Amino acid sequence: MEIAAIIFVLVMAGIAYIAFRILKRTVKLAIRAFVALLILTVAAAGGLALWNLDIQLKNKPSTTKKSR
């Protein structure tokens, strides 16, 4: 899951960069920066959620039944 979190953040950072470049001619710098910041915030939240999920799955106690 750590790899998934890292890949997710990198993909979202790439999307933020592309969105920032695409919006170059249509909107002002402040709005472009806000859109990129919003995308990076979503990336950070998603990456942290995936990372936390991985930690919880690793610390989960085993639920296998004992044989007699």
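## Basis of the model

Local features in this predicted model need pLDDT of at least 70, side-chain atom pairs count only at pLDDT 80 or more, and totals for chains, interfaces and linings use all residues. Residues are numbered from 1 along each chain as its sequence is written, and side-chain values use heavy atoms, with hydrogens and water left out.

## Overall make-up

The protein chain has two helices and zero strands. Helices (H or I, at least four residues) and strands (E, at least two) are DSSP runs, numbered from the N terminus. Helix H1 covers residues 2-22, and helix H2 covers 29-59. H2 has 31 residues, which at 1.5 Å a residue should span 45 Å; its end C-alpha atoms are 45 Å apart, so the two values agree. The expected span is 1.5 Å times one less than the number of residues in the helix.

The chain has 68 residues, of which 16% count as buried. Buried means under 20% relative accessible area, exposed means over 50%, and partly exposed lies in between (1.4 Å probe, protein chains only). The accessible surface comes to about 5800 Å², and 71% of it belongs to carbon and sulfur atoms. These areas come from the Shrake-Rupley method with a 1.4 Å probe; for residues, only the protein chains shown count as cover.

## Where the helices meet

Among contacts in the chain with a separation of 6 or more, 71% are between residues 24 or more positions apart. A contact means heavy atoms within 4.5 Å. The buried residues of H2 are Arg32, Ala36, Ile39, Ala43, Gly46, Gly47 and Asp54, and the buried residues of this helix pack against H1.

The largest nonpolar core consists of six residues: Met12, Ala16, Ala19, Ala36, Ile39 and Ala43. H1 and H2 are the elements that give two or more residues to this core. A nonpolar core is a set of buried Ala, Val, Leu, Ile, Met, Phe, Trp, Tyr and Cys residues joined through side-chain atoms within 4.5 Å. In soluble globular proteins, nonpolar side chains tend to be buried together.

## Single residues at the contact

Ala16 is in helix H1 and is buried, because its relative accessible area is 4%. Apart from neighbours within four places in sequence, Ala16 is in contact with Ala36, Ile39 and Leu40. Ala16 and Leu40 are 24 residues apart in sequence, with 6.6 Å between their C-alpha atoms.

Arg32 belongs to helix H2 and counts as buried, because its relative accessibility is 10%. Not counting residues up to four places away in sequence, Arg32 touches Phe20, Leu23, Lys24 and Val27. Val9, in helix H1, is partly exposed at 32% relative accessible area. Leaving aside neighbours within four places, Val9 is in contact with Ala43 and Gly47.

## A nonpolar patch on the surface

Ile3, Ile7, Val11 and Ile15 form a nonpolar surface patch with about 370 Å² of accessible area together. Patches are made of residues with over 30% relative accessible area and no salt bridge; like charges are joined within 9 Å, and nonpolar side chains (Val, Leu, Ile, Met, Phe, Trp, Tyr) within 5 Å. A salt bridge is a side-chain nitrogen of Lys or Arg within 4 Å of a carboxyl oxygen of Asp or Glu.

Ile7 lies in H1 and counts as partly exposed, because its relative accessibility is 47%. An α-helix has 3.6 residues a turn, so residues three or four places apart point the same way.
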